[in-house]
Amino acid sequence: VGFLPICDAQGKVQGTLTVLEETRKKVIAAAKQFGYVHPSLIIPKRRDSERKSINADATCRVVLQGDRSVFTEFRAKVNNVSTSGLVVDHLEGDKRYLPIDDFYFEIAVQGSMLDGVIARAAPVRVERNEGRLGFAVEFIEITEDDKRRIHEYLETLPDISSQRKLTARKP
């Protein structure tokens, strides 16, 4: 199974389409042949594991990579998770902006069966949910115990990616 972006006339991604890997490769080959080189089509970011919906709180720190100082801290909601990352949204904090310098997130999940899971994570995508910004992040450092806890928790939840073949995200 692979994912293809659905773009509007200006090339802005409006959603994704789940297709067989063979079909994805054929579409990418045809797109290259006709000179279409939209980055999300040619070099898609694929998650390493299935994601599932959850509803948990989290505290997030934005940490500057250079000196490892905390730029800001905020509260957030975790709305989906996989063993390779998660999505945080409904951000609430003092600063309404992010640093120009390279940074990563330190995320501590609170509530739910994942209470106490802590990870360093790199942002891989900005998302908009219910009119509010959020981030899809990929774990860059997480303990094996926390990864195991996430895996065990995910086994108890339904898979959200198999519930929808076409996902249309509204801007």
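Which residue in β8 does asparagine 129 stand opposite? In this predicted model, asparagine 129 stands opposite arginine 132 in β8. The two strands concerned, β7 and β8, form a hairpin with 2 residues between them. Glutamate 130, in the turn, has a positive phi of about 55 degrees.

**Overall composition**

The secondary structure of the chain comes to 3 helices and 9 strands. Read from the N terminus, the elements follow the order β-β-α-α-β-β-β-β-β-β-α-β. Of the 171 residues in the chain, 39% are buried. The chain exposes about 10600 Å², and carbon and sulfur atoms supply 53% of that area. Among contacts with a separation of 6 or more, 55% come from residues 24 or more positions apart.

**The barrel**

A closed barrel of 6 strands runs in the order β3-β4-β5-β8-β7-β6, and its pairing is antiparallel. From one strand to the next, the twist averages 45 degrees. Strands of a sheet pair through backbone hydrogen bonds, in either a parallel or an antiparallel arrangement.

| Strand pair | Bridges | Facing residues |
|---|---|---|
| β5 (residues 85–93) and β8 | 5 bridges | leucine 86 and valine 137 |
| β6 (residues 103–110) and β7 | 4 bridges | glutamate 106 and arginine 120 |
| β7 and β8 | 10 bridges | asparagine 129 and arginine 132 |

Which residues of α3 (residues 144–154) are buried? They are Asp146, Ile150, Tyr153 and Leu154. These residues lie on the same side of α3 because they cover an arc of only 100 degrees around the axis. The cover over the buried residues of α3 includes β3, β4, β7 (118–129) and β8 (132–142).

**Helix α1**

Helix α1 (residues 21–33) has 13 residues. From its first C-alpha to its last, α1 reaches 18 Å, close to the 18 Å expected at 1.5 Å a residue. Within α1, Arg24, Ile28 and Ala31 are buried. Their directions cover an arc of only 60 degrees around the axis, so they fall on the same side of α1. On the other side of α1, the exposed residues are Glu22, Lys25, Lys26 and Gln33. Glycine 35 follows α1, and its phi is positive, near 85 degrees.

**Glutamine 65 in the loop between β3 and β4**

Glutamine 65 is located in the loop between β3 (52–64) and β4 (70–82). Why does glutamine 65 count as partly exposed? The reason is its relative accessibility of 41%, which lies between the limits of under 20% for buried and over 50% for exposed. Leaving aside residues up to four places away in sequence, glutamine 65 touches Asp102, Phe103 and Tyr104. The C-alpha atoms of glutamine 65 and phenylalanine 105 are separated by 9.9 Å, although the two residues are 40 residues apart along the chain.

Technical notes: Residues are numbered from 1 along each chain as its sequence is written. This is a predicted model: local features need pLDDT of at least 70, side-chain atom pairs count only at pLDDT 80 or more; totals for chains, interfaces and linings use all residues. Side-chain values use heavy atoms; hydrogens and water are left out. The expected span of a helix is 1.5 Å times one less than its number of residues. Buried means under 20% relative accessible area, exposed over 50%, partly exposed in between (1.4 Å probe, protein chains only). The arc is that of the directions from the helix axis to the C-beta atoms. Contact means heavy atoms within 4.5 Å. Accessible areas come from the Shrake-Rupley method with a 1.4 Å probe; for residues, only the protein chains shown count as cover. Two strands pair if DSSP finds at least two bridges between them. Axes are lines fitted to C-alpha atoms, for helices over the stretch in contact, and angles run from 0 to 180 degrees between N-to-C directions.
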